[in-house]
Amino acid sequence: MRKDDILGLNLDHYPRQSFGAGDVVLSDGSETDRMLVVIDGRLGVDHAGKPLGPGEIVKSIEFFGASHYAGDVRGRGPGQVAVLPRGAVRACLDEQGAMTWNLACALAIEAIATSKEHV
């Protein structure tokens with residue numbers, strides 16, 4: 001998968017948000033009304049060891065399965081993310097198949113429920 005094309009969406013068509021080291025790119029409690037995709041740089045996710053890099057989706061499970069993001073996401077240096085509105089992601093998945101959006105949401109909800117069982 002190319003970093004400028006994710007889920008069938010050309011990231012060049014969406015706004016970008018720049019960040020620096022320590023900048024909060026996505027704050028705890030933000031609505032899941034947008035999907036962020038790393039274009040350049042690295043992001044650190046609270047309570048996770050591996051930073052996210054180019055082409056990776058930020059908190060995809062929460063985007064599909066929750067109403068709000070949990071935990072801050074911060075820049076580990078300079079970089080950019082593409083900001084994809086929820087409606088654009090849903091329309092793209094709906095074009096791929098009538099149940100694709102619903103399946104993605106159901107799998108994410110199950111993953112969240114399973115993770116809470118192990119806490």
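Q: Before I use this model for anything, what pLDDT does the protein chain average?
A: The protein chain averages a pLDDT of 90, and 94% of the residues score at least 70; this is a predicted model, and the values below are computed from it.

Q: Which elements have the lowest and the highest mean pLDDT?
A: Among the elements of the protein chain, the lowest mean pLDDT, 67, belongs to strand β1 (residues 5–6), while strand β3 (residues 16–19) has the highest, 98.

Q: OK, pockets next: what volume does the largest pocket have?
A: The volume of the largest pocket is about 260 Å³. Its lining has 12 residues, of which I61, E62, I112, S115 and K116 are the closest to the centre.

Q: How do the lining residues of the largest pocket divide by nonpolar, polar and charged?
A: For the largest pocket the lining divides into six nonpolar residues, three polar ones and three charged ones.

Q: What about the second largest pocket, what is its volume?
A: The second largest pocket has a volume of about 190 Å³, and its lining is made up of V45, D46, H47, A48, K50, L52, I57, K59, E62, A70 and G71. By type, that lining divides into five nonpolar, two polar and four charged residues.

Q: Is K59 buried or exposed?
A: K59 counts as buried because its relative accessible area is 13%, under the 20% cut-off.

Q: Switching to aromatics, how many aromatic pairs does a search of the whole structure find?
A: The search of the whole structure finds three aromatic pairs. One of them is formed by F63 and F64, with an edge-to-face arrangement in which the centres are 5.0 Å apart and the planes make an angle of 85°.

Q: Which residues form the aromatic cluster?
A: One aromatic cluster is formed by F63, F64 and W101, and within it both F63 and F64 are buried.

Q: Which ring does the charged end of R86 sit over?
A: The charged end of R86 sits over the ring of F63, at 4.6 Å from the centre of that ring.

Q: Last topic, strand β9: where are its residues, and why does V81 count as buried?
A: Strand β9 covers residues 79–85, with V83 among them, and V81 lies in this strand as well. V81 counts as buried because its relative accessible area is 0%, where the cut-off is under 20%.

Q: And why does V83 count as buried?
A: V83 counts as buried because its relative accessible area is 18%, again under 20%.

Q: What C-alpha separations go with V81 and I39, and with V83 and G71?
A: V81 and I39 are 42 residues apart along the chain, and their C-alpha atoms are separated by 5.1 Å. V83 and G71 are 12 residues apart along the chain, whereas their C-alpha atoms are separated by 18 Å. G71 is also one of the residues that line the second largest pocket.

Notes: Residues numbered from 1 in each chain as written. Predicted model: local features only at pLDDT ≥ 70, side-chain atom pairs only at ≥ 80, totals over all residues. Heavy atoms only, no water. 1 Å grid on protein atoms, 1.4 Å probe; cavity = no way out; pocket = protein on both sides within 12 Å on 5 of 7 lines; lining within 4 Å. Points joined across faces, edges and corners; volume = space filled by probe spheres on them. Nonpolar A, V, L, I, M, F, W, Y, C, P; charged D, E, K, R; others polar. Phe/Tyr/Trp six-rings, centres within 6.5 Å; stacked < 30°, edge-to-face > 60°. Buried < 20%, exposed > 50% of the residue type's maximum accessible area, 1.4 Å probe, protein only. Lys NZ or Arg CZ within 6 Å of the ring centre and 35° of its normal. pLDDT = per-residue confidence, 0-100. Helix = DSSP H or I, 4+ residues; strand = E, 2+ residues; numbered from the N terminus.
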